[in-house]
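Work through the exercises below with the sequence and the 3D structure at hand. Each task is followed by a solution in steps.

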Amino acid sequence: LGVGGVIGLFIMALNLAYWGMASPPGWLVWMRIPKDVGIVFLGTGYAAGFALLFQKERWGKVLGVFTPAGRMALTLYLMQSVISLCLYDGWGLGLVGNTPPSLTVLLSLVAFAAQVAFSHWWLARFRFGPVEWLWRSLTYGRFQPMRPLPTGAAGAAS
């Protein structure tokens, strides 16, 4: 997090220093490279931070609410694309460019919370997310059982 944050602050300072200039210096274009490196460091830091938090018992319980969303990651990824198109694209509500960033973040958080709730509901009834089931069935060359196994038969299939 530290390296990514420092690089991000440096790039932000450069952008602010040359803000509004009609023709910023040509070398500024090359600042995309450290910016991208900083993003990689920042993302890796966040992932490592969440992994460390999951190892703590108390945080594991708090973050465990996202476990079903992780089990349905491909379904939710595709669903997020459809939801975003419906909210922001011109054939949907057309909110892109018409809402302030704070409202956009709020809408995104509400959409994600709804997806987490949906994943809890879905996995209480089925073994896999719908796209995960399709992927698994295609991988094994036969339809996979969707319904949960009866209690006590958990070790019978994987």
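Two rings of Phe, Tyr or Trp (its six-membered ring) pair if their centres lie within 6.5 Å; planes under 30 degrees apart count as stacked, over 60 as edge-to-face and the rest as tilted. By this rule the model holds 6 aromatic pairs. The model is predicted: local features need pLDDT of at least 70, side-chain atom pairs count only at pLDDT 80 or more, and totals for chains, interfaces and linings use all residues. Residues are numbered from 1 along each chain as its sequence is written, and side-chain values use heavy atoms, with hydrogens and water left out.

**Exercise 1.** Classify the ring pair of F118 and W122, and describe its setting.

Step 1, geometry. The ring centres are 5.9 Å apart and the planes stand at 40 degrees, so the pair is tilted.
Step 2, position. Both residues belong to helix α6 (residues 101-123), 4 residues apart, or about one turn of the helix. Helices here are DSSP runs (H or I, at least four residues; strands are E, at least two), numbered from the N terminus.
Step 3, exposure. Buried means under 20% relative accessible area, exposed over 50%, and partly exposed in between (1.4 Å probe, protein chains only). F118, with 25%, is partly exposed, whereas W122, with 14%, is buried.
Step 4, wider group. Ring pairs join F118, W121, W122 and F126 into a cluster.

**Exercise 2.** What does Q144 touch, and is Q144 buried or exposed?

Step 1, place. Q144 sits in the segment after α7 (130-140).
Step 3, contacts. Contact means heavy atoms within 4.5 Å. Not counting residues up to four places away in sequence, Q144 touches F128, W133, R136 and S137.
Step 4, polar partner. The side chain of Q144 reaches the backbone oxygen of R142 at 3.3 Å. A polar contact is a pair of N or O atoms within 3.5 Å; within protein, one must be able to donate a hydrogen and the other to accept it, and residues adjacent in sequence count only if both atoms are side-chain atoms.

**Exercise 3.** Describe the placing of T99 and the polar contact of its side chain.

Step 1, place. T99 is in the loop between α5 and α6.
At 17% relative accessibility, T99 counts as buried.
Step 3, partner. Its side chain makes a polar contact with the side chain of T104 (3.0 Å).
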